[in-house]
Amino acid sequence: MDPIRKILQKYKRDRTRLIDILKDIQESEGSITQQAIELVAKHLKISRAEIEGVITFYHFLSDRPLGKYAVYLNNSITSEMAGRQKVAEALEKETGCKFGQTSEDNLVSLFETSCVGMNDQEPAALINGVVFTSLNEEKVRKIVAGMKRGLAAQEMVEEYGDGANGHELVRAMVKNNIRKAGAVIFDEFTPGQAIAQALNKTPEGVIEEIKKANLLGRGGAGFPTGLKWELCRQEKSDQHYVVCNADEGEPGTFKDRVILTERPQMVFEGMAIAGYAVGAHLGILYLRHEYTYLKKYFEYLLQKMREEGILGKNILGRGFDFDIEIKSGAGAYVCGEESALIESAEGKRGEPRDRPPFPVQKGYLDKPTTVNNVETLAASARIMLRGSSWFRTLGTSVSAGTKVLSISGDCQRPGIYEVEFGITVRELLEMAGAQDTLAVQVGGPSGNCISESGFGRKICYSDLATGGSFIIFNRRRDLFAVVRNFLDFFIEESCGWCVPCRAGNVLLKKKFEKIVAGLGTAQDLAELEAWGKIIKSMSRCGLGQTSPNPVLTTLTNFRELYESRINKKADFIPEFDLGQAVMDACQLTGRKFKEESENAR
Amino acid sequence: MPDKIKFTIDGKDCYAEPGQTIYEAAKANGVFIPVLCHYEGLKPVGSCRICSVRANGRWMTSCTQPVTNGMVIENATPEVEAYRKAIIEMLFVEGNHFCPTCEKSGNCELQALAYRYQIMVPQFPYLFPKREIEAFPGFLLEHNRCIQCQRCVRAIQTEDGQKIFALKNRSKDLRINVDLKLAARMTEKEVQKAMDICPVGAILKKEVGFRIPIGKRKYDQKPIGSEVEENK
């Protein structure tokens, strides 16, 4: 039987598995051809246009043939800072192929991609799904030589990282870089005890304990977890679902990668605890495509948990059934937004939904669903073990517990720091060995870029909230290059559904570039700010509502930088450069435009 | 009126049936809220954002948000109107809209709103994107004018619910994608429906043009919104 039919049979006629089907076809055939689309359309009874819509939404799906090796080089700011440009040039030189293209011999395709969650070991790339970290020109030469010899990407991984990165089912060169282990997430964890503690209580009792602990959502938004579970439980339905959001895509965030590598069972138990609390029997781990290298390991662990009776039917003989299924995205930052994640888990384009209804009312398959962050679920397992009173002794009165931060950028010790809430930016800079710091991006591009005057501020929900991203820039960095990188990121990752985010961000970037190029006036600066506010107010989801933050927060905290670029004497400078516009014609006719061009200015 | 929901729009007392959206309730009370992506009978998608209001101080789209008791809505305030105007301008600079030569001129909701908001020159620079015109057996798809409102996506489907029009790509490259096979099977009536439901001149039925002369079309007679405001 041909491979495509075999794949279709494996997933039956389940529309929610469309992304899995497409990924399997791509892996088997190299790309998703028109013929394959036709077969899938017939099989699932959906239109080809709808399938093409899904393929073109996700970064890692392709309807064009790809080379034998598909290279996705991270273009996030930390990668830039670690020398991405040189690595990119080396890749182009060694393969004879440009980015965005496939080499003539069909050996290699080169692509850029948004943050892959390896900011502490950049520049990083995915090659056929295998992670390559700390790249440099020499490593590129070696890798490309290996490709030419026909080695599998996995065979080119010479050394494995620490901890479970070295497990035979992972075999990744990724390093954990745990610099500071805290009491909640990275303390010792023995599987089976947390769920046992939860089952000793009633579901309402579990919710009460989580509420008393004052556990707030660790993805960054800080919604009270106990309340979310309670609202979900109160919805009457034949099915409830738990979804673990393992789609950390905020540039600079890699803490879930390390939690999932070193404490996966704690996360799975957290899901089971949530399931018990809300009345669900199925949990979905929505794993970002970039972390697919951990999937086999998870499947092995889940099976082990089933065999040990802490997952599956009749957990610990207490009559509670709960199982976990892994679903993957295919490269889209917006899927970190909970309703977009649900759409994606249903096999659709990852476009956010309108609210109301909220996911706790109508979520996965329109059933009540609680979507929780990896760290939130792990923390709830710890709360079951040690109690809410203990948990509240950590952190501040508003923000109880610890936060796992991923620190990257200009510092000696980038990596994972599990710290109590309330720690100041300055203390963190010291711990990470940062010197001569100009700015810190707290919470990633959608967060806040703070200057030295804000280094006394605290990491907590009432001051500087963050999902975990903490990027340091020293005084040798060009902050405009940082803002540019972030604006490009949002333009690339907008789903395009709503006008202000789709069109507004392109216009905002244009205005920003005008000012940076020295063609701005006080009026332009005022417009830059005003347009940012329009996008923030009018956008449909969190992506658009935070996308102008790189501009708006640097305007607040580094205004002098922008002021220094604008022309204070002119009322208006045209963006349109007549001389530049007629340059081609001038060259063709052998005439000069110099004089007029100066007049135009 | 015991079962009715009481709320205010710009200080005016209004009443609504339970379950009505802000947009529906406003219309019933003779208050016009502009919409582009919304169309009666279709599931709202909140994509154009033009119907945004401030409800109890928070920005919300009136096509998706149910009205609640005591809600205080800001609709025609200078701030709200300025932000709506910005959205219309974004749509104009994001595509290529040349009204004088467009078959939909006078029947176009985007054009009518631009008149209502007195847009002379947009505050944003034109992006002049390169877009294509696609031809299908019964109609043309003019991507230069498409505003990605998804009315066609929602309204025109096969009997068994397959999408003839669907979204393709993302971000600034978001486009309407037509299923070739399914489009070829569309009846003349369906093509006409698609053209009529399109708020701009992106879907054009073949072999008919300018049957009603410019000057005698819908919004040439009465400005957009007047039909609602007459019911005050």
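Visitor: What's the secondary structure of chain A come to?
Guide: You'll find 27 helices and 14 strands in chain A. Keep in mind that this is a predicted model.

Visitor: And what's the radius of gyration of chain A?
Guide: It's 25 Å, which agrees with the value near 25 Å that a compact globule of 601 residues would have. As for the box around the C-alpha atoms, that's roughly 90 × 60 × 45 Å along the principal axes.

Visitor: How many of the residues count as buried?
Guide: 61% of the 601 residues in chain A do. Chain A still exposes about 23,400 Å², with carbon and sulfur atoms supplying 47% of that area.

Visitor: What about charges, how many positive and negative side chains are there?
Guide: Chain A carries 78 positive and 80 negative ones, and the centres of the two sets lie 1 Å apart.

Visitor: Let's switch to Asp524(A). Where is it?
Guide: Look in helix α21 of chain A, which covers residues 522-538.

Visitor: Is Asp524(A) buried or exposed?
Guide: Buried, because its relative accessibility is 4% and the cut-off for buried is under 20%.

Visitor: So what does its side chain make a polar contact with?
Guide: The side chain of Lys511(A) is one partner, at 2.8 Å. The Asp524(A) side chain also reaches the backbone nitrogen of Thr521(A), at 2.9 Å.

Visitor: Which residues does Asp524(A) touch, leaving out those up to four places away in sequence?
Guide: Lys511(A) again, plus Lys514(A), Ile515(A) and Leu519(A).

Note on methods
Residues numbered from 1 in each chain as written. Chains lettered and ligands numbered in written order. Predicted model: local features only at pLDDT ≥ 70, side-chain atom pairs only at ≥ 80, totals over all residues. Heavy atoms only, no water. Helix = DSSP H or I, 4+ residues; strand = E, 2+ residues; numbered from the N terminus. Rg over C-alpha atoms; globule rule 2.2 N^0.38 Å. Buried < 20%, exposed > 50% of the residue type's maximum accessible area, 1.4 Å probe, protein only. Areas by Shrake-Rupley, 256 points an atom, 1.4 Å probe, with all protein chains shown as cover. Lys, Arg positive; Asp, Glu negative; His and termini not counted. Charge placed at Lys NZ, Arg CZ, Asp CG, Glu CD. Polar contact = N/O pair within 3.5 Å; in protein donor to acceptor, adjacent residues only side chain to side chain. Contact = heavy atoms within 4.5 Å.
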